[in-house]
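Thanks for coming, everyone. Have a look at the model on the screen, and then we'll talk about rings.

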Amino acid sequence: MAALIHSRTPPGGGDRARGTSARPSPPGAEAKGARGSVEVRGLTWRPTGRREPVLRDLDLTVSAGQRVLLVGPSGSGKSTLLRALAGLLLTVDSGDLAGSVRIDGHEPGERPGAVGLVLQEPGSGTVSATVGRDVAFGLENVALPAREMPPRVAAALERVGLGHLPLDTPTHTLSGGQTQRLALAGALALRPSLLLLDEPTAMLDEATGESVRDAVVAAGEGLTTVLVEHRIAPWVDLVDRIVVLDIDGRIRHDGAPGQVLAEHHDELVADGIWVPGAPAPTPTTIDLGPLHQPQPHGTDLVTADPLHVERRRTRLDGSSETSTVLETDRPLTATAGRATALVGPSGSGKSTWLAASAGLLPPSAGQVVTHDGLEVADVPAQDVAGRLGWVPQWSSSALLARTVLDEVMLTGRTLGTQDEGDVLRCDAVGPTHRVGASKGRARRLLEALGLAHLERADPQTLSGGEQRRLAVAAALAHGPGVVLADEPTVGQDRGTWAAVVGLLTAHCERGGAVVTATHDRDLVALVDEVHTVAPPPPREAPPRPRAVLSACGPLSLFTAAALPIIAAVLSPGWRASLVVLAFLALGALVGLSNLPGAGRGWTVAGRWRGLVIRLVPALLGGLGVGWSTWLLGGQDVGAALSAAMRMLVIVVPSAITLAFIDPDDLADHLGQRLRLPPRPVVAVGAALQRLQSFGAAWTEVGWARRLRGQGISWRHPRSVVAHLWSSTLGMLLRSLGSAATLAVAMDARGFASAGRRTWATRAPWRIADTLVVLVACVPIVIVVASRFLGV
């Protein structure tokens, strides 16, 4: 049976008017019992803050078993349509939604697990700390019995080529390709009727992308699949049908891949579609104006020695692990008038090399210097903004202003330029130049990048491709000497690709240098020099010794933290509290020591460093309470000591025990042992898993602010306050974005519509839990005895 398409098309456009039909479904796709048929009727979606709809009165029918490739220009609503098919448009966004979506005659959210969604960003769909728990997450939401989960999890991992991984493998240790295949396994384990893939290979190198495509084909055989990609050549022979959206969010063409591409080749190329066989577009010619600090062509503006960069990951308990993330055997030079590309497999360290070259990551060996001999990391923020422009891999982390136009002009304003006109500047290199990002220049950049109609929009509301183009414009507008661009062409159609590459080319022509990390062959073909980055040789990490407290479950640890509060309330005075604190110190000595046979040495120094850091707020709080009690209580030293000691008795146990609580275990115990509603406790566990992203978000915002000239000057206290405020706000916004993505990932695996829930892992109460609770009762015994004895 041919798939049906009903679409209102612009005048003269659309295959329906030409009588084109779609390629027939694969044999057996419409057999009795087949699942995954899709019907969309009159779908219109206008997000809050946008004047025009992203999708406009769209009708679409997909037969069960078809594999459909959804293509279109950047901003045509492809990702939005996938979220609509998953029933997730209103999960984290607000706006005007009309029309209907039906999967096998039901709304997408009616049946948990009926739709599987794999997001573009590697890691964005990870919801648990280990591989096994992550794949099992959706199975828990559909209430699959626990005994049936292990074979389903193992089969899903095997289908995507990850069957060799132990189930307790930490998800943060996976490469980008492995993370995407893990997300695919999590979706396939549900045995959905419909599988949705949003640019699953866009951020991956060629070999890793091929492994993901192979996994999709092998694991999704006979499964209705709708996928979005810009670079469609590798997918054309793997799909049954192509649906083309136009920039207005309507279906323009639909049919068999060969038919659509042959009949509409020139039109699709003109619309920005990466049609297989069509040569890459010519970069757009754009006049960027002069540099902020021009140097003669051929000048080495920034030079990085061969570098060795390590990254330390600190756990909540204070222990840490250090890994090598970059080793280079040759220098990297950003030369005026030249472009350099960093290429290599995903996870090889290309982004790390760029960050180190910007002075953002301190190398453990080697240094990065400017043409005048300064170490980049030591250059003041306002000065470094005139030297370096920065396009990070995740562009949203570099966006600091409230409107698109202000974003382009932000760095220029920091450097002292005006809004309405260009500022004259004289220097020793040449005659008077006009520099800075005037409104006129900023608007010309936005026009060239197809963002002019969005100049008043909030940058955080733009699509991923639009945010990336905006980050490129913001990095170039003020005329820095060197632009460091991480994957600047990802998510772009032919037209926007030509504009982005045209900007980078124009920057070299005006005497600037470009260093880019990329998997884009067409971009690599245009650069002057290519550096291939190899992953650091793997080094087996020594086994991590477990602490005594790590043998206890989360509920017993919470209880151990709470019981001393009773002792603090009952304490007759500072002497009894001091004895309790001495007992707690002894408890910390035992609890933070290694389990017998867990490794050499009796403890790990990092645990104690972490404990000291966590105790600092307690000590400050105790000091404040004691001081206020002394000041307001007639300067009674005994009363002040008693108040301070009580505060410490309340806080110290939490500092000792709570660092050993695993968020997944906490959700398991709250749901199974305390019978709390599963949705809130699972959401809490997932949120706690992402707490470590706060530090990463703070770092990313700090990087962006420094390279936009917004850093700290200790001579100006106002800049410190402004930096702390803006960084905190940026961290919260970034964390909210991460939380929104996490909500989409969880709901895509049945979390939103789950009723009864099962659990993949039991929540046992062990002897160690009983012992730690009994030990936590000792402070109460101490203060009761003190009262009885009159101490």
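Is Trp 390 buried or exposed? Trp 390 is buried, because its relative accessible area is 10%. Buried means under 20%, exposed over 50%, and partly exposed in between, using a 1.4 Å probe and protein chains only.

A quick word on the ground rules. This is a predicted model, where local features need pLDDT of at least 70, side-chain atom pairs count only at pLDDT 80 or more, and totals for chains, interfaces and linings use all residues. Residues are numbered from 1 along each chain as its sequence is written, and side-chain values use heavy atoms, with hydrogens and water left out.

Now the pairs. Rings of Phe, Tyr and Trp (its six-membered ring) pair if their centres lie within 6.5 Å; planes under 30 degrees apart are stacked, over 60 edge-to-face, the rest tilted. That rule gives five aromatic pairs. One of them joins Trp 390 and Trp 703, edge-to-face, with 6.5 Å between centres and 85 degrees between planes. This pair links distant parts of the chain: Trp 390 is in strand 16 and Trp 703 in helix 23, 313 residues apart. Helices (H or I, at least four residues) and strands (E, at least two) are DSSP runs, numbered from the N terminus.

Next, Trp 602 and Trp 608. Their pair is tilted, at 6.2 Å and 55 degrees. Trp 602 is partly exposed, at 48%. Trp 608 is partly exposed too, at 24%.

Last, a charge over a ring. The charged end of Arg 231 sits over the ring of Trp 274, 3.6 Å from its centre. The rule: NZ of Lys or CZ of Arg within 6 Å of the ring centre and within 35 degrees of the ring normal.
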